[in-house]
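Here are my notes for a reader who is new to this structure. Please keep the model open while going through the points.

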Amino acid sequence: YAIDNAWSNDPDDAVSFDGESVWVHIADPSAYIEPGSALDTNAMERGATLYLPEATIPMLPAEAVSMLGLGLNDSSPALSFKISIDREGTIQDILIAPSLVRVSRLSYEQADTLIDQGEPSLGKLCEIAHLRRLKRITNGAVEINFPEISIKAEENSITFMPIPETRSSGMVREMMLLAGEASARWARERNLPFLYCSQESPSISGPALLDMDSEAPLSMQYARRKGMRASIVGTECLAHRGLGLSFYTQVTSPLRRYQDLLVHFQIRRALCDGQGLAVAPFQEEEITRRSLVSNQAASQTRQAERDARLHWIAVYLSRHMDWQGEASILEIRDREAWVFIKEFGYETSIRCRKPVQLDEIVRVKVARVNIPCLALNFEML
């Protein structure tokens, strides 16, 4: 099953269970793209797919996504990860192989319905996901669950859609983390030059550090996020403390993230080299070069996405200067508060007209909108 938001058009991961082992199947553009080709160079210089409210600009050509996206055709080429784990959730065995898979696409809501109806493989994957999540939390993982809002701008219509938290979305996330850990372990065991993701321990203290397995108020989620260290991408294998993993890489989105495609290139080359084929893995220097180029581009892409979201929020409010709504208090700062406006998924500072408490819901209104400067001001009612 490839499980994603209903509006997703670039499915690059799917999951299955064979009765004993977890399988994570990833779209396989590395089977068709030659490193050093114009297609590869263009993807590296883009860094990632650009998701804007008004359009999607893919990292790979739309024709490639149509051919390689899982479930978009009768069968799909994939790089498949067979992962065996024990009762404690520890990885015991890893097999990586090129494959052809038949994939059924599901929205998160459809997957949840199947889980509720007792679909056995999805039910088992949910059990394993729960086990893995508890193991990561025991290892120091920091759970952050902030509400997400999808923004769509079409002609004269701007819509804000909450992204619901579902059982299947949590399961898929754990399966993708499992594949990331398995890939990094697989490479480390073979002394393969590789691209790892790591993160130092967060700077979090007090209540925000406690009881990661329970639902936490928004102010606590914000405190956790604020205390996180920047993630590090490089060829040195270090622990990812924020995820509670000793080994980790990003491997599950090669259609839309060049870093993942680069990892696929290296895995495929290692598999060929192991079979005596004349395709040697990249050396560490080449992995570092490609990573630096693509990560710089991906950083610019993320900034463009943030700016575009803010632009369309500003456009919407400029058309609705009488807007009023609710905001949640995340942090109290002298005479101001840092608040979260859930309707737009937007955080901002606001002057307090009265004493407020963390997580208190206050009424606010728009006061000023400056579209060219991407500046929004709100007042507390």
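1. Start with the largest nonpolar core, which has 63 residues. A nonpolar core is a set of buried Ala, Val, Leu, Ile, Met, Phe, Trp, Tyr and Cys residues joined through side-chain atoms within 4.5 Å. Buried means under 20% relative accessible area, exposed over 50%, and partly exposed in between (1.4 Å probe, protein chains only). Met171, Met175, Trp186 and Ile267 touch the most other members. Helix α5 (residues 167-189) gives the most to this core, with 10 residues. Helices (H or I, at least four residues) and strands (E, at least two) are DSSP runs, numbered from the N terminus.

2. This is a predicted model: local features need pLDDT of at least 70, side-chain atom pairs count only at pLDDT 80 or more, and totals for chains, interfaces and linings use all residues. Residues are numbered from 1 along each chain as its sequence is written, and side-chain values use heavy atoms, with hydrogens and water left out.

3. Which residues does tryptophan 186 touch? Not counting residues up to four places away in sequence, Trp186 touches Ile94, Ile96, Leu192, Ile267, Ala270 and Leu271. Contact means heavy atoms within 4.5 Å. A second, separate core has 29 residues, including Ile149, Trp312, Trp323 and Phe378.

4. Now helix α1, residues 38-46. Asp40, Ala43 and Met44 are buried in α1. They cover an arc of only 100 degrees around the axis, which puts them on the same side of α1. The arc is that of the directions from the helix axis to the C-beta atoms. The face turned away from the buried side of α1 carries exposed Ala38 and Glu45. Glycine 47 follows α1, and its phi is positive, near 85 degrees.

5. Next, the loop between β11 (196-198) and α6 (218-226), where isoleucine 204 lies. Is isoleucine 204 buried or exposed? Its relative accessibility is 11%, so isoleucine 204 counts as buried. Leaving aside neighbours within four places in sequence, isoleucine 204 is in contact with Val142, Leu209, Ala223, Arg224, Gly227 and Met228. Isoleucine 204 and methionine 228 are 24 residues apart in sequence and 7.6 Å apart in space, C-alpha to C-alpha.

6. Glutamate 215 is also in the loop between β11 and α6. Glutamate 215 is exposed, with a relative accessible area of 67%.

7. Check two phi values. Most residues other than glycine have a negative phi. Asparagine 191 has a positive phi of about 55 degrees. Asparagine 191 sits in the loop between α5 and β11 and counts as exposed at 65% relative accessibility. Aspartate 359 has a positive phi near 70 degrees. Aspartate 359 is in the loop between β15 (346-351) and β16 (361-370) and is partly exposed, at 25%.

8. A cavity is a set of points on a 1 Å grid over the protein atoms alone, where a 1.4 Å probe fits but cannot get out; lining residues have an atom within 4 Å of a point. The largest cavity has a volume of about 30 Å³. Ala2, Ile3, Asp4, Pro11, Asp12 and Asp13 line the largest cavity. Strand β1 (residues 2-4) gives the largest share of this lining, three residues.

How values were computed. On a 1 Å grid over the protein atoms alone, a cavity is a set of points where a 1.4 Å probe fits but cannot get out, and a pocket is an open set with protein on both sides within 12 Å along at least five of seven lines; lining residues have an atom within 4 Å of a point. Grid points are joined across faces, edges and corners, and a volume is the space filled by probe spheres set on the points.
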